[in-house]
Amino acid sequence: MPKNLKNVQNWLYAKKKYRLSDETIEMAKQLGLNPKKFGGLANHKQERWKEPLPDFISTLYERRFGTSRLGKIE
């Protein structure tokens with residue numbers, strides 16, 4: 001299986017498993033996050049101090065790019 005196809009499958013699997021929107025997936029890609037590592041980030045039900053995964057990705061995106069919405073990054 002080509003590497004690019006496997007990467008796309010990993011993102012689709014993460015989107016379905018963690019119930020992420022297209023916008024959240026794009027934010028995660030731009031941040032350079034690894035979809036295989038989302039399991040450790042998404043256990044907010046066991047560890048109550050953690051943010052839910054979509055909120056966590058949005059927070060990281062806002063800190064890094066200074067905006068909470070996807071758009072043209074300069």
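**Notes on the chain**

1. I'll begin with E62, which touches T67 and S68 when residues up to four places away in sequence are not counted; contact here means heavy atoms within 4.5 Å. E62 is found in helix α4, helices being DSSP runs of H or I with at least four residues, numbered from the N terminus (strands are runs of E with at least two). With a relative accessible area of 44%, E62 is partly exposed; the scale is buried under 20%, exposed over 50% and partly exposed in between, using a 1.4 Å probe and protein chains only. R48 lies 14 residues from E62 along the chain, and their C-alpha atoms are separated by 22 Å.

2. A word on the basis of these notes. This is a predicted model, in which local features need pLDDT of at least 70 and side-chain atom pairs count only at pLDDT 80 or more, while totals for chains, interfaces and linings use all residues. Residues are numbered from 1 along each chain as its sequence is written, and side-chain values use heavy atoms, with hydrogens and water left out.

3. On the overall layout, the chain has four helices and zero strands, running α-α-α-α from the N terminus. Its C-alpha trace spans about 40 × 40 × 15 Å along the principal axes. Of the 74 residues, 20% count as buried. Taking contacts between residues at least 6 apart in sequence, 48% join residues at least 24 apart.

4. Now to the pair α2 (residues 22-31) and α4 (residues 53-65), whose axes come within 9 Å and cross at roughly 50°. The axes are lines fitted to C-alpha atoms over the stretch in contact, with angles from 0 to 180 degrees between N-to-C directions. The two helices are therefore oblique to each other: under 35 degrees would be roughly parallel, over 145 roughly antiparallel and 65 to 115 roughly perpendicular, with the rest oblique. The crossing of α2 and α4 is left-handed, that is, the near helix is turned anticlockwise from the far one by less than a right angle.

5. Which residues of α2 and α4 meet? From α2 there are T24, M27, A28, Q30 and L31, and from α4 P54, I57, S58, L60, Y61, R64 and F65. The residues of this contact divide into eight nonpolar, three polar and one charged, where Ala, Val, Leu, Ile, Met, Phe, Trp, Tyr, Cys and Pro count as nonpolar, Asp, Glu, Lys and Arg as charged, and the others, Gly among them, as polar.

6. M27 counts as buried at 3% relative accessibility, and its C-alpha atom is separated by 15 Å from that of P52, 25 residues away along the chain. Q30 counts as partly exposed at 34%; Q30 and Y61 are 31 residues apart in sequence and 8.4 Å apart, C-alpha to C-alpha.

7. The largest nonpolar core has twelve residues, among them W11, M27, F38, I57 and Y61. Such a core is a set of buried Ala, Val, Leu, Ile, Met, Phe, Trp, Tyr and Cys residues joined through side-chain atoms within 4.5 Å. α1 (3-17), α2 and α4 each supply at least two residues of this core, and the largest share, four residues, comes from α2.

8. Last, please check R19, in the loop between α1 and α2. R19 has a positive phi of about 55° although it is not a glycine, and at 76% relative accessibility R19 counts as exposed.
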